[in-house]
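I opened this model with my notebook beside me and went through it one topic at a time. Here is what I looked up.

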Amino acid sequence: MLAMNYRGPYRVRAEQRPMPEILHPEDAIVRVTRTCICGSDLHLYHGMVPDTRVGSTFGHEFTGIIEEVGPLVTNVKIGDQVLVPFNIACGKCNFCKQGLYGNCHESNSMATAVGGIFGYSHTAGGYDGGQAEYVRVPYANTGPTVIPADMDPDDAVLLTDVVPTGYQAAEMGGIKEGDTVVVFGAGPIGIMAARCAWFFGAARVIIIDHIDYRLEFAKNYAKCEAYNFKSMEDPVLFIKKITDWYGADVCIDCVGCEAEGNTLQTFTGKVTLMQAGAATALQWAINSVKKGGIVSIVGVYGPPFNYVPIGNVVNKGITIRANQASVKRLLPKLIDHVQSGRLNPKGLITHRIPLEEVSDAYHIFSSKLDECIKTVLIPSTKA
Amino acid sequence: MNTENFDYKSIPGWGIDIDPENEPTYPMKNYTGDDHKRSNYEKSPQQPIDVEVLKSNERPQYSAVVGTTVPPAGLSGAIRRYAFKHSEDRYRHWIPLILADRVNSWEGIFEDLRKGYIPNVLAERGWKAELKYNPQGLVKKVFVTALVASLAITYFSRKK
């Protein structure tokens, strides 16, 4: 079968790989119909995530058709069209029972700091991902969810990560009616977080980035204010100023470890790897939020550590909430939002590229060419 | 966007998920108390493991399912085995893993060559897309690379 194959930082290709097999009685094999490149895949692509092995297949956002099931799989059957949450979750451990499907204790032997994730390095369990024609899906009784018959497949594939992560970013912000919410990062997750902030009653939603076309897209898609931090001397001061010198009620970090905008963070986090990526957005979030405010983090950071102003967290009494999105927990609500027309996930998709051209697809997304917002890879076996 | 006179309540879905009871909200919201039972929960059967799978030393046994793709091998594998002797708290866990990744990318090239395949590095880096969507940038990159290479060659030949 054809699959994406990681060869080292900035190098990927599509090539033939062995078909995946059932390795556990709760496994399923899924024939992939759509698979996305996520912004967090770029951290792998750029060599930022430890234990990303050459020969791995990335891809944690995918939909497909169940081709084969293990003997203990009862919730889905061969032929079902499913969307597969990016979290690999057993559904039985204490964390899964609390809805913490992103923190499953039975899906990742290689690190306790994160649950299993499809195609996201051995630090996240060493599973092959969905940027392939076929993929092994463990715990098929928990994750795969049958796509409603009337749902557009492009909407479905974005329900595997982008929509739940953006929604949960807003949810964890504990937004109250009338709040001012600042979202750092106008990638797909940031745009979705800004859009979902309105659901929780925000009165003002502001998105900050440095790429004009993305800011323009965010302004139209999420109905929010959009500002380019390169046009301002000091983003934190700017936010203080536009919030009557008070600070935002909620700040959301949708950028993670490859932020730009602070020379010291960039040098220590991206050039010399002296910390787990540049934590510029998180630094700005902490310093821009009001005293007693909430900082919600869904941006991806590496495991070791980052330089952030933790003293300001203490002295301002900030609450920080963060997690990988719990996709399964949120799916019923989000499917309703999509079916009722309140959310239009497929509106984020700007590029549809055959899986065979995965090298170009990664480069386009990584270098933000052709005004790319979101890329979907289409395997030739999708029909 | 000018926010004055902006009727944000007209945005489709505005306020639909307002829930004053939603505190302390996720991830604490659904706390069950089962954490005090520690790992005594129902588990799925253990996946048979027939390849080398490195395990964090912060857990006593493998998770019920494991990823078996790309087992550790070669020099990078040896570095990874060393890294997994140390907990996730230690730099001696993460830094060797990053080092192993870099070694592994060279191993990948040698592996390709050993199989008689010459990797098309430019294609793998997506230069076709660069040429299509950013030809000026591509020219600039080629020019800068050529300039740096020429300066380096000149410098080292003068040193001799």
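My entries follow, from the whole chains down to single elements.

**Ground rules.** I am working with a predicted model, where local features need pLDDT of at least 70, side-chain atom pairs count only at pLDDT 80 or more, and totals for chains, interfaces and linings use all residues. Residues are numbered from 1 along each chain as its sequence is written, while chains are lettered from A and ligands numbered from 1 in the order in which they are written.

**Domains of chain A.** I noted domain 1 (2–161 + 326–378) and domain 2 (162–322); such bounds come from an automatic or database domain assignment. Taken over C-alpha atoms, their centres are 25 Å apart. I then looked at where they touch, counting two residues as in contact if their C-beta atoms, placed from the backbone, lie within 7 Å. On that basis 25 residues of domain 1 meet 23 residues of domain 2. On the domain 1 side, helix 1 (39–45) and helix 11 (327–339) each supply at least two residues. My helices (H or I, at least four residues) and strands (E, at least two) are DSSP runs, numbered from the N terminus. That side of domain 1 divides into 14 nonpolar, seven polar and four charged residues. Here Ala, Val, Leu, Ile, Met, Phe, Trp, Tyr, Cys and Pro count as nonpolar, Asp, Glu, Lys and Arg as charged, and the others, Gly among them, as polar.

**Chain B against chain A.** I found 63 residues of chain B in contact with 73 residues of chain A. Which element of chain B gives the most to this side? Helix 2 of chain B does, with nine residues. Helix 2 (91–114), helix 3 (121–124) and helix 4 (127–133) of chain B are the elements that give two or more. The chain B side divides into 28 nonpolar, 18 polar and 17 charged residues.

**The six-stranded sheet.** In chain A I traced an open sheet with the order 12-11-10-13-14-15 and parallel pairing; strands pair if DSSP finds at least two bridges between them. Its edges are strand 12 (225–228) and strand 15 (319–322), each pairing on one side only. The twist averages 20° from one strand to the next. Five bridges join strand 10 (180–184) to strand 11 (204–209), and A:Val182 has A:Ile206 as its bridge partner in strand 11. Helix 6 (212–222) of chain A lies across strands 11 and 12, at about 165° to strand 11. Axes are lines fitted to C-alpha atoms, for helices over the stretch in contact, and angles run from 0 to 180 degrees between N-to-C directions.

**Two helices crossing.** Helix 7 (235–242) and helix 9 (280–288) of chain A have axes that come within 9 Å and cross at roughly 30°. A:Pro235, A:Val236 and A:Ile239 of helix 7 meet A:Trp284, A:Asn287 and A:Ser288 of helix 9. I sorted these into four nonpolar, two polar and no charged.

Buried means 20 or more other C-beta atoms within 10 Å of a residue's own, with C-beta atoms placed from the backbone. Four bridges join strand 8 to the antiparallel strand 3 (28–37), and A:Ile29 has A:Arg136 as its bridge partner. I also checked helix 12 (358–366) of chain A, where nine of nine residues are buried, including A:Asp360 and A:His363. A:Lys368 follows helix 12, with a positive phi near 55°.

Terms used:
Buried ≥ 20, exposed ≤ 12 C-beta atoms within 10 Å, placed from the backbone.
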